[in-house]
Amino acid sequence: MKYSPFLNRLLVAAFSLLTSLTINAESDEKPNVVIVITDDQGYGDLGFTGNPVIQTPYLDQLRTESTLLDNFHVDPTCAPTRAALMTGRHSNRVGVWHTVQGRSMLRKREVTMADVFAENGYATALFGKWHLGDCYPFRPEDRGFQHTVYHSAGGIGQSPDYWDNDYFDDTYYVNGELQRFEGYCTDVWFEEGMKFIKENKDKPFLAYISPNAPHGPAYCPLEYVEPYEDDPYVSMPEFYGMVTNIDDNMGILVKFLEEEGLADNTILIFMTDNGTGYGLRDGRGYDGGMRGKKGSQYDGGHRVPFMIRWPNGKIEEGKTIEELTAHMDVLPTLIELCELDAPAIEFDGADVSDLLYTDAEEWPDRALIVENQRVIDPIKWRRHSVMTNNWRLVDGRELYNMQDDPKQTIDVAGKHPEIFNQLRTEYEKFWADVSQEHNLVSYMAIGSEESPIVALSSHDWLYHELPAWDQKHILNGDVAVETHWAIEVEQAGEYEISLRRWPVEVNKGINDDTYGKGFNYKQARLRIGENIDITQKIPREATEVTFKVTLEKGLTKLAPLFIGKDLQATPYYAYVTHKPEKGWQTPEGMGVPVFDPSYGERAPQRPKL
């Protein structure tokens, strides 16, 4: 029997209402939400997607209990994906199109998933990787998460992270304060997540568990590595071991939810943030039937697994959804499923609950765009994919029929000019929209009561090329580069700024060579905006140089230098306070645990790094 489009929409609406009434009749309580998002685990790094070697029995079981969005896409790298997931908006629109260089900070105007859930009475928490800003007002505790346990930057061991963190017995931030933990990083994130859930089980909660694994460096407990050694199919035993460790933790989490009586009314989501990192290497590994890996504009770079389970919500077990969906759809969908009140947000994503609960025959074949800019200022047509259910336009030049050619090997742009031009038009509309705000900069705030001491690192340097003859700036071959931090002075007044080569917890001399090459810097120069330019001598064996300045309220640039006879370089670290007390520049003054090289030596669990 054939129905009119109007009647079809009416039937879908009636079914959705009936489903909602059934759900509410079973439980008046709002559902809990647990989102697990892993780092650099691709579509092919799971047993149920066809990898013949990797051991993921608990995730394979979860797939049978969940609905799988099997044409689900994210950005090709981590921070942009997380920005879109948190906001339901294009990563390019919210200021996150890179993973470093000041372009990984989620614009402070944006409303996050945690904001929405917190405003609806949920307890909210994050465990693991945030990667949307390390300084106020971009930290997870500034963006709606009431409880946070996380590492800095985009990966453990990067410059903002606590010195010498290496996945084992590390030091992480807990609600803004550094705390040492025992154990492997992934185990810590899940353990802390379950602790939070147990403490908040009598109210609705949002637990965002975001392991940094299996992102590099590929460090993993030996017990997980050894089963994969000497297997010619395995791309990297440590990577496979990290995935299996995640799987074990997923099994523990699911059992915990069951034992606590929370499983039925918890929306449990498992997804990953981009294509595989180490899953394809030297001709080994499983590509999931796709071209590309992390960073690629081809499907292997951005099509990832997405599973959602909610027994009380009657989300169908074992169902597969082939329609095009994306990270931007998650927040608007959760708002609908959890019946949340939300501010007026101009979502780029869509509520896909109709796909979860119906065959959605009237679901539109929409066009979605993901891209991999990874530059300070976005470039039109750079490394992107315009997607519909069956077509991919790559970089504005190549066209692929995904039904006939899922590995994107045959460019058919010349055979389908109408589709080619249609998708180019979609990109033109997208670019005309989001590019209007590419000039916006996210400024890290100093002088706020929310963050009396601000730690800046090279992770958030902004670079701009200048003429090579301008010797006031760091030299890079025949091109001079101005390096600065973009800062907002929240209140006018007196400030102290401490410049360091090493992070405060190491407390080594500026010219020290303990952990690398030694230098012979003689002067430290502090430039702030157009009006402050001060130079001081670097005392022998000094660990830092402190400047006292008076700053006006507003936006400005902080551009310091260490200066030697033959070299100028930007300090890797700068610490800023508007409330200086004697000794504030020291680890003790900042409340930072002093780095202890002997902490956490636990052979044989610990691999040889």
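Contact here means heavy atoms within 4.5 Å. Helices (H or I, at least four residues) and strands (E, at least two) are DSSP runs, numbered from the N terminus. The model is predicted, so local features need pLDDT of at least 70 and side-chain atom pairs count only at pLDDT 80 or more, while totals for chains, interfaces and linings use all residues. Residues are numbered from 1 along each chain as its sequence is written, and side-chain values use heavy atoms, with hydrogens and water left out.

**Stop 1: helix α5**

Select residues 185–199, which form helix α5. From the first C-alpha to the last, these 15 residues reach 21 Å, close to the 21 Å expected at 1.5 Å a residue; the expected span is 1.5 Å times one less than the number of residues.

Colour α5 by burial, where buried means under 20% relative accessible area, exposed over 50%, and partly exposed in between (1.4 Å probe, protein chains only). Of the 15 residues, 11 are buried; among them are W189, F190, E192 and G193. Now show what covers these buried residues: the cover includes strands β1 (32–38), β4 (123–129), β5 (147–151), β6 (171–174) and β8 (205–210), together with helix α7 (237–259).

**Stop 2: α5 against α7**

On the α5 side, select T186, D187, F190, M194, I197 and K198; on the α7 side, N245, I246, N249, M250, I252, L253, F256 and L257. This contact set holds 9 nonpolar, 3 polar and 2 charged residues. Ala, Val, Leu, Ile, Met, Phe, Trp, Tyr, Cys and Pro count as nonpolar, Asp, Glu, Lys and Arg as charged, and the others, Gly among them, as polar.

**Stop 3: two cis peptide bonds**

Go to the loop between β4 and β5, where P137 sits. Its bond to Y136 is cis, with omega about 5°. Next, find P217 in the loop between β8 and α6 (222–225); the peptide bond from G216 to P217 is also cis, omega near 5°.

**Stop 4: two positive phi values**

Select D40, in the loop between β1 and α2 (57–64). This non-glycine residue has a positive phi, near 70°, and D40 is buried at 4% relative accessible area.

Finish at E339, between α8 (330–337) and α9 (353–357). Phi of E339 is positive too, near 55°, and E339 is partly exposed, with a relative accessible area of 40%.
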